[in-house]
Amino acid sequence: MHLLVCIKQVPNTNEIKIDPKTNTLDRSGATSILNPYDAHAVEEAVRWKRALGGTVSVLTMGPPQAKEVIQKSVELGADRGYLLTDKAFAGSDTLATSYILSTAVQKIASSIPVDLVFCGKQAIDGDTAQVGPGIASRLNIPQLTYVERIIEIKPEQQTIKVQRHIDGGHEIVESKLPCLVTVEKEINELTYAPLPDMIRAVRYHPVVWSVSDLDADINAMGLKGSPTAVKKIFTPKQRAGGEIWKGKADELAKKLVPLLIGDVLSCRQ
Amino acid sequence: MSEKFDAIVVGAGVSGLAAAYVMATNGLNVAIIERGRKPGAKNVMGGVLYRKMMEEIIPEFWKEAPLERPIIEQNFWLLDHNSVVKTGYRGMEWADMPHNNYTVFRGKFDQWFAEKCVQAGALLINETAVKHCIVKDGRVIGVETDRPEGDLYADAVILADGVNSLLAKELGLHTEWRKDEVALAVMEVLKLSADKIEERFHLNRGMGATIELFGDGTDGMVGTAYVYTNQNHISIGCGALLSQMSERTTTPYELLERFKQHPMIKPLIEGAEPCEYYAHLIPEGGYRSVPPLVRDGVLVVGDAAQLVNGIHREGSNLAMTSGRFAAETVIRAKEANRFDRQTLSHYERLVRESFIMKDLKKYKTASKTLEDNPDYFHHYLPAVNDAMKEMFTVDGVSKSEKQKKIIKRFLRNKSVLGAARDGIKLLWAVK
Amino acid sequence: MQAVKQTANEVWVFAEQLEGTLSNVTLELIGAARALAADLCGTVATVLIGNQVDELIPTLFEHGTDTVYYVNAPIFQWYRAETYSRAFCELIQKYEPEILLMGATTTGRDLAGAVATALKTGLTADCTGLELDAGQKLLLASRPALGGNIMATIVCEKHRPQMATVRPKVMPMPERISGRTGTVIYEQVELREQSLKTKVLEIVREHSADTKMEDANIIVSVGRGVQNEHTLVLAQTLAEVLGGVVGGSRGAVEKGLVDDQHQVGQTGQTVRPKLYIAVGISGAIQHTVGMNRAQTIIAINTDETCPMMKLATYGIVGDAALVLPALIHEWTAALKPSIA
Ligand SMILES: Cc1cc2nc3c(=O)[nH]c(=O)nc-3n(C[C@H](O)[C@H](O)[C@H](O)COP(=O)(O)OP(=O)(O)OC[C@H]3O[C@@H](n4cnc5c(N)ncnc54)[C@H](O)[C@@H]3O)c2cc1C
Ligand SMILES: Cc1cc2nc3c(=O)[nH]c(=O)nc-3n(C[C@H](O)[C@H](O)[C@H](O)COP(=O)(O)OP(=O)(O)OC[C@H]3O[C@@H](n4cnc5c(N)ncnc54)[C@H](O)[C@@H]3O)c2cc1C
Ligand SMILES: Nc1ncnc2c1ncn2[C@@H]1O[C@H](COP(=O)(O)O)[C@@H](O)[C@H]1O
């Protein structure tokens, strides 16, 4: 089995602050991390590699520092990593990103055929959840999004059976391989990497590709290849506040109830 | 058995990085193990880094290291409730390269320093904690980490794991620090524009100043408080002996809040926005608390060895220098291929003969003197403030009259002899 | 009724349904589409794909659709990206809508990504605001970015349709006009089961005993400030007295006070109740984006300066452990007659 995981380096959104006066992002304190969903995707790929034999490759598009998330994936048990880095890629939206990634997947697959592509459910910086379906669509392979559990993979029959999260429940879906799976965090618990893998990761250098290494149309990438554009950035409008009440709890409660009794009664009908 | 290293350094603080850098540049195969997400992620320091000691490790580091501001002015304030007596020194010779010292953010600085170590060939493993030293026949031969298959072996292990050094403790090099051997320090990083900083501290563009405060900054407890200028931030903090802090039941945070509200401090930080908050222990035991520094196969450096000059708030320089000494010792040991205590005791000798032990020895009674004599903080410090007020208030009273009043105030409830004795003790302890 | 081929100025909505149950977000989007269509001087059309779901059509009209494109075949019994995106792409190529809206649900996002890529057009995911630049017929789609710290308005100037997915509960539910009707256009899509690669084997609905939170009118939401089991029980009791449900912040989820199905906020549910009572919740932006459309917000917090207080209709400064019992007492008394 050749399992390929698309991973993204994202700013740790927990650490981002917004400067309320200038309305600009203060990313000074924010570090970069492997998109949490992608970590679970790598973990899942590695588990199936261990069960079925094979290789796990990871693929990322990003600045040269994105090497760090490849190393992180090697810690988690990935065998190999590809870093796509080029100025031509900068400014890509989801359509262009999925285009670039799909051409890289094709190139990787031309040396070792890929059976299964993994993505995270979404990237925490963009939250779009579109790149996975985009890649599948470009590669013309089925997409299984929001996967909570991979029930079985049958390499001989080239099939996979998964449990997908859907609103209000889940469904069991079967698909032919190759296909693309995007994973939820619930799919597994990350294992604490063994020390030898940590050491291997530190020493690992990924394969680095620029635009000239890909068989790709330069007009379909970067800003040029992105149909969407950010028109403006603003801080969310805060809803206007009301009154602040202080005092003894029972008195405040007495004051509050009559103000809301109508609403509460209407809800109960 | 997994791969064997020449040396393993536990902890990527300044002491460990100094050790690793020196060994790696000398061709040793070095592994650094750090429990934080990245070097510096957890390292707390108010922020003054001394040029000299760093330069001995990486010459001309100031050309590329992430530094905040070179310090051209250092102040000492004796703070009372509503007043302050200031002394200090500003020297323009410090404005030129190479500067005397710098403010730094350890988060950035340690990461840069670690990157240098990696470039020199050291292997840096983050997010991994060392749980125990592996000891065989009384010799340390490696470390056991918290990871699966987590043992790692080396000829020498350098413990640079900071003030809590559980590892040195486990090896029996020292016991739990007493509460009067460590200070609890809290600090906050406040965001303030470079212009405002330069205006409020009367600085030329890019230059920096420090203020160390004694007295009301720590609510009368033995300790110090400080205000340092960074590029676009102010570091402000205070710390007091854990023994006194726990008696008082003041939370460290309250102490810092109180300090920030002090009328002498508030104008300096007006409008600055809190970004980060840290609390950390500082070894303050000094000379008497320094444990044995080596055993067979192991050396202890930096805060882990109590190598901090509490009175002058110097730690990073002692840490780096001790790291360098340990590295030089391991390099020698490697040449001789002997890592026993006797060979490694060369490190102890280096530390003893350097400024590290000499300084620590000089200040060995400082904290104790101060702790045992609350009068320094409660009586003399306010008295000095009063004295200044008297002298500077123009109210028609003659200066000699004023002097008499001042002396009386100093001696309130004390004999001349007692006061003199207190004074001498203090001078002895801190000068 | 007359089947007229519209070539432009149509705003399309994907009718999301599971086994004949229409999702609410579809109707919300029809409402949003109406506003956009008005600015465009155009019409609203809904694309309904499924197997024998004719009975949904009147509902679509009554909420504001002018046209329903109906693709009806057994192969569409359950949603599959493979089949639905094929059908969608064919319809879009045929009718060339200006704008296409889908719910930012698991199904909507799954489909939108596939359709946008196949048509090589732009897609703005997870929007919370839609406006129109009528002059240029440009959809201004706003969405939170970078953990909700900022909002970005995104446009797609040169490609059509302009696609957006929109979070449930963000757009108001349009008023239902009973008897309102429109045009149904029946469409056929050539697809054979044998040529497909995916198969849905089973649908499992996870029924929760209590009311679904996103539909609740009254929510008592707990945060990290709910210090102990005792205070949690008080919050639950208040919810019970008011006939509401209990939700929580991520702080509360992390603390194990509520399960993650009941998390309100950016990575949880968006809710739009009449009454939202935030107990010990500081009001981080990631939380408030999920609840700031509530009609009335009550904050109970010891910290008068926290963001939730600034948001609240009534901010009660106090310890939850003391305020909750007082509220329970008063409400119980006030609601007694209506229970009887
Ligand atoms: C508030 C404050 C202000 C200060 N201001 C100054 C100043 O202005 N100037 C100055 O010179 N000094 C200052 N100091 C002192 C200075 O910070 C320390 O002396 C110095 O950081 C010591 O360096 P170190 O390498 O020994 O330890 P640390 O910097 O504490 O590094 C120890 C490292 O070891 C890691 N570690 C610990 N245990 C393990 C384990 N089991 N496994 C793996 N890794 C582990 C830690 O994560 C950490 O990275 C200040 C200290 C404080 C607290
Ligand atoms: C990418 C991302 C996505 C996120 N998504 C979500 C999300 O979907 N939903 C979400 O909620 N969060 C989300 N968060 C987390 C969010 O940033 C906050 O950390 C979280 O909402 C805080 O929860 P809290 O208000 O319960 O806790 P805290 O912020 O710790 O607030 C506790 C409050 O309780 C008050 N309090 C304390 N004691 C009492 C008392 N006795 N009585 C009354 N009040 C008291 C305190 O004053 C304080 O205001 C997300 C974060 C990120 C980075
Ligand atoms: N630049 C990228 N490089 C590699 N994979 C990516 C990249 N961007 C997105 N992905 C993958 O697509 C998933 C969804 O991302 P998004 O659509 O941005 O929410 C992520 O979890 C990744 O698996």
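Lys169(C) is buried, with a relative accessible area of 16%; buried means under 20% relative accessible area, exposed over 50%, and partly exposed in between, using a 1.4 Å probe and the protein chains only. This residue sits in the loop between β11 (162-166) and β12 (183-187) of chain C. Helices (H or I, at least four residues) and strands (E, at least two) are DSSP runs, numbered from the N terminus. Lys169(C) also has a positive phi of about 75 degrees, although it is not a glycine.

Before going on, a word about what you are looking at. This is a predicted model, in which local features need pLDDT of at least 70 and side-chain atom pairs count only at pLDDT 80 or more, while totals for chains, interfaces and linings use all residues. Residues are numbered from 1 along each chain as its sequence is written, chains are lettered from A and ligands numbered from 1 in the order in which they are written, and side-chain values use heavy atoms, with hydrogens and water left out.

Most residues other than glycine have a negative phi, and most peptide bonds are trans.

The bond from Leu177(A) to Pro178(A) is cis, with omega near -5 degrees, and Pro178(A) lies in the loop between β11 (169-176) and β12 (179-183) of chain A. In chain B, a cis peptide bond joins Met97(B) and Pro98(B), with omega about -10 degrees. Pro98(B) belongs to the loop between β5 (84-90) and β6 (101-103) of chain B.

## Chains A and B

Chain A has six helices and 15 strands, while chain B has 15 helices and 17 strands. The table puts some of their values side by side. Accessible areas come from the Shrake-Rupley method with a 1.4 Å probe; for residues, only the protein chains shown count as cover.

| Chain | Span along principal axes | Buried residues | Accessible surface |
|---|---|---|---|
| Chain A | roughly 75 × 45 × 40 Å | 56% of 269 residues | about 11400 Å² |
| Chain B | about 85 × 45 × 40 Å | 58% of 431 residues | about 18500 Å² |

How does chain B fit the rule for a globule? With 431 residues, a compact globule would have a radius of gyration near 22 Å, and chain B agrees with this at 23 Å. The radius is taken over C-alpha atoms, and the rule is 2.2 Å times the number of residues to the power 0.38.

Contact means heavy atoms within 4.5 Å. In chain B, residues 24 or more positions apart account for 72% of the contacts with a separation of 6 or more; in chain A the figure is 71%.

## Where the chains meet

The size of an interface is often given as the accessible area lost when the parts come together. Here buried area is the accessible area (1.4 Å probe) that two parts lose on being put together, summed over both.

Which of the two touching pairs of chains has the most contacts? Chains A and C do. Their contact takes 78 residues from chain A and 88 residues from chain C, and the area buried between them is about 6800 Å², with 58% from carbon and sulfur atoms. Gln130(A), Arg239(A) and Arg268(A) supply 10% of the area that chain A buries against chain C, more than any other three residues.

Between chain B and chain A, the buried area is about 1600 Å², of which carbon and sulfur atoms give 52%. That contact takes 21 residues from chain B and 17 residues from chain A. Arg37(B), Leu123(B) and Arg147(B) supply 30% of the area that chain B buries against chain A, more than any other three residues. Chain B and chain C do not touch, and their nearest C-alpha atoms are 15 Å apart.

## Two covered places

Helix α5 (residues 195-203) of chain A has Leu195(A), Asp197(A), Met198(A), Ile199(A) and Ala201(A) as its buried residues. Their cover includes α1 (36-52) and α2 (67-75) of chain A, together with β7 (123-125), β9 and β10 (151-159) of chain B.

Thr224(B), in strand β13 (residues 223-229) of chain B, counts as buried because its relative accessibility is 8%. Leaving out residues up to four places away in sequence, Thr224(B) touches Leu213(B), Phe214(B), Thr218(B), Cys238(B), Gly239(B) and Arg313(B).
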